[in-house]
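Please look over the sequence and the model shown below before reading on.

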Amino acid sequence: MSSSDQTEIIIRRTTSEDIPKIVNLQKESFPYLARYGNIWHPDELESHLHFFPEGQAVADLHGEIVGSASSLVVHLDPEYANHTWKEITANGMMTNHNPQGDSLYGADISTHPKYRHEHIGKRL
């Protein structure tokens with residue numbers, strides 16, 4: 001991808017219409033995990049949009065989703081408290097998003113293999 005192509009990538013909030021594209025992106029980005037069903041599922045992505053729409057973003061290149069990021073706000077007490085991914089994300093549903101929390105937790109970031117090393121993750 002050339003730098004002129006990179007400027008055509010739009011970083012924007014995720015919408016419900018993006019969900020099937022994000023699932024496909026996850027399959028491409030994490031084929032081993034996808035084989036075992038360990039990627040985002042549509043119900044989880046809908047839950048993210050319900051609880052914290054501001055924390056969900058995609059990298060859009062002419063309608064193709066080439067990157068995505070999912071996050072939530074949590075309260076960590078003490079700071080940097082030990083946790084598992086399942087605990088902190090409420091098993092991927094993010095129902096425990098806490099707007100008054102003290103930490104933005106990056107639950108997932110993915111970039112299509114074709115577009116890796118193009119700073120999409122950094123932009124997300």
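A residue is called buried here when its relative accessible area is under 20%, exposed when that value is over 50%, and partly exposed in between. The model is a predicted one, and every value below is computed from it.

With that cut-off in hand, helix α4, which spans residues 42–51, has E44, L45, S47, H48 and L49 as its buried residues. An α-helix has 3.6 residues a turn, so residues three or four places apart point the same way. The buried residues of α4 pack against α2 (19–29) and against the strands β2 and β3, the latter covering residues 64–74.

Strand β3 also holds S68, which counts as buried because its relative accessibility is 2%, under the 20% limit. Leaving aside residues up to four places away in sequence, S68 touches I22, L25, Q26, A57, V58, D108, I109, S110 and L124.

**Charged pairs**

Side chains of opposite charge can pair when their charged atoms come close.

| Salt bridge | Distance (N to O) |
|---|---|
| R12 and D18 | 2.7 Å |
| D60 and R12 | 2.9 Å |

D60 lies in strand β2 (residues 56–61) and R12 in strand β1 (residues 10–13), so this pair ties together parts of the chain that are 48 residues apart in sequence. Through shared partners, the salt bridges join R12, D18 and D60 into one network.

**The largest pocket**

The largest pocket has a volume of about 290 Å³. Its lining is made up of 13 residues, and of these L33, N38, I39, W40 and W85 lie nearest the centre of the pocket. By residue type, the lining of the largest pocket divides into six nonpolar, five polar and two charged residues.

Note on methods: Residues are numbered from 1 along each chain as its sequence is written. This is a predicted model: local features need pLDDT of at least 70, side-chain atom pairs count only at pLDDT 80 or more; totals for chains, interfaces and linings use all residues. Side-chain values use heavy atoms; hydrogens and water are left out. A salt bridge is a side-chain nitrogen of Lys or Arg within 4 Å of a carboxyl oxygen of Asp or Glu. Helices (H or I, at least four residues) and strands (E, at least two) are DSSP runs, numbered from the N terminus. Buried means under 20% relative accessible area, exposed over 50%, partly exposed in between (1.4 Å probe, protein chains only). Contact means heavy atoms within 4.5 Å. On a 1 Å grid over the protein atoms alone, a cavity is a set of points where a 1.4 Å probe fits but cannot get out, and a pocket is an open set with protein on both sides within 12 Å along at least five of seven lines; lining residues have an atom within 4 Å of a point. Grid points are joined across faces, edges and corners, and a volume is the space filled by probe spheres set on the points. Ala, Val, Leu, Ile, Met, Phe, Trp, Tyr, Cys and Pro count as nonpolar, Asp, Glu, Lys and Arg as charged, and the others, Gly among them, as polar.
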